[in-house]
Amino acid sequence: MDQLIEKIKQYKEEIDAAVIDGAASLEEYRIKFLGTKGILKNLFGEMKSVANENKKEFGQILNDFKQHAEAKYEQFKELTSANGDSAASSLDLTLPGDVIPVGSHHPISIVRNEIVSIFQRLGFAIAEGPEIEDDMHNFTALNLPENHPARDMQDTFYISQNPDWLLRTHTSSVQVREMEKGKLPIRIICPGRVYRNETISARAHCFFQQVEGLYIDENVSFADLKQTLYFFVQEMFGKNVKVRFRPSYFPFTEPSAEMDISCLICGGKGCNVCKHTGWVEILGCGMVHPKVLENCGIDSNKYTGFAFGMGIERITMLKYQIKDLRLFSENDVRFLKQFTSAT
Ligand code: 2NL
């Protein structure tokens, strides 16, 4: 107990010597001596370690100390508020508020909105669907049966609770769902995030964004496909852009093609971006394979259609000359800030 009394004596001296010259130091004093984890609280907690016959005497000393500490607090509280230095009066409510920085659209969103709105002007409606898909909608219905070698290039992530569930590798699955509804004609544009089991690098990521389009009606031809996509690139990249179609292969289209545009950087003369060819690939497309139509319950003798797909990152990299795909998902403000003036 003697030790405790000695301690209290020291605290008393400290209180008497304390310099309280404003709201901040007053608050500091309050927390230190009177707060819920303060010195007073601690000392009262020591009560239980004091022998029973001493409790009365120690209690008296402690109560005196409490009054002393509280009196000092009240005294200085009055002084500081008389000086106009209280928390309330130091607030000037007439000052203008803090400026909240204005954010901006992510470059991927900017380009996605631009692509989607061009197709909307042509009468395409937006369709969306789940990112967790079943094997049927992502692969089988699209003429990619189990053990098909093309599945290798679209390896993805599987959901452990159910081996039939996976993260979609393209938004074609949304189009399959739309075809299954059986309402024709169909003219849809499907933006969204897709997944692949890829090693992350400057040119590949395990998630990216895609826009796919689908048009199904009677008498839809390859000429319709070419004209639609030509209109799209002219709106997107300007009237001077040239296009070319190269034969290609996709399991879900026949015939299939890849579309190149003349290089935006060198205008076709040859540079690093187009690897000195004058052309850059921007999308894949083709006439919907009759098997895909039949898989989705559409009469392939009556209806034909075209489809196309493009990666938004790729187009954004071309448009803004971005060299590393990883920048899109790192959320570095120094990168994102550069798009504040874009719409
Ligand atoms: C690419 C190529 C493509 C499609 C996507 C499609 C969808 C249905 C039926 C047939 Cl439901 N085709 N989509 C067709 C050709 C190419 O994408 O390189 N995308 C990033």
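Q: Why is Glu258 called buried?
A: In this predicted model, Glu258 has a relative accessible area of 18%. Buried means under 20%. The value falls under that cut-off, so Glu258 counts as buried.

Q: What makes the pairing of Glu258 with Arg246 a salt bridge?
A: The closest N and O atoms of Glu258 and Arg246 are 3.4 Å apart. A salt bridge needs a side-chain nitrogen of Lys or Arg within 4 Å of a carboxyl oxygen of Asp or Glu. The pair meets that limit, so the name applies. It links distant parts of the chain: Glu258 sits in strand 7 and Arg246 in strand 6, 12 residues apart.

Q: Why is Arg246 called partly exposed?
A: The relative accessibility of Arg246 is 27%. Buried would require under 20%, and exposed over 50%. Arg246 lies in between, therefore it is partly exposed.

Q: Are Arg244 and Asp260 buried or partly exposed?
A: Arg244 has 32% relative accessibility, which lies between the cut-offs of 20% and 50%, so Arg244 is partly exposed. Asp260 has 2%, which is under 20%, so Asp260 is buried.

Q: What makes Lys239 and Glu235 a salt bridge?
A: Their closest N and O atoms are 3.6 Å apart. That is within 4 Å, so the pair counts. Side chains of opposite charge can pair when their charged atoms come close.

Q: Why is Lys239 called exposed, and why is Glu235 called partly exposed?
A: Lys239 has a relative accessible area of 54%. Exposed means over 50%, so Lys239 passes. Glu235 stands at 30%, between 20% and 50%, so Glu235 is partly exposed.

Q: Why does Arg151 count as buried?
A: Arg151 has a relative accessible area of 13%. The cut-off is under 20%, so Arg151 is buried. Its place is in the loop between helix 6 (135-138) and strand 3 (165-167).

Q: What makes the meeting of Arg151 and Asp135 a polar contact?
A: The two side chains are joined at 3.0 Å. Leaving aside neighbours within four places in sequence, the contacts of Arg151 include Phe139, Thr140 and Leu144.

Q: How do you know that Thr228 is buried?
A: Thr228 has 15% relative accessibility. That is under 20%, so Thr228 is buried. Thr228 is found in helix 8 (residues 222-237). Its side chain reaches the backbone oxygen of Asp224 at 2.7 Å. Beyond four places in sequence, Thr228 is in contact with Phe119, Leu122, Phe124 and Phe306.

Q: Which element gives the most to the shell around the ligand?
A: Strand 9 does, with 4 residues. In total, 15 residues surround the ligand, and Ala307 and Gly309 are among the closest.

Q: Why is Ile265 called partly exposed?
A: Its relative accessible area is 36%. That sits between 20% and 50%, so Ile265 is partly exposed. Ile265 lies in the loop between strand 7 (253-262) and strand 8 (279-288). With Leu264 and Val273, Ile265 makes a nonpolar surface patch of about 200 Å².

Note on methods. Residues numbered from 1 in each chain as written. Predicted model: local features only at pLDDT ≥ 70, side-chain atom pairs only at ≥ 80, totals over all residues. Heavy atoms only, no water. Helix = DSSP H or I, 4+ residues; strand = E, 2+ residues; numbered from the N terminus. Buried < 20%, exposed > 50% of the residue type's maximum accessible area, 1.4 Å probe, protein only. Polar contact = N/O pair within 3.5 Å; in protein donor to acceptor, adjacent residues only side chain to side chain. Contact = heavy atoms within 4.5 Å. Patch = residues over 30% accessible without salt bridge, like charges linked within 9 Å, V, L, I, M, F, W, Y side chains within 5 Å. Areas by Shrake-Rupley, 256 points an atom, 1.4 Å probe, with all protein chains shown as cover. Near = heavy atom within 4 Å.
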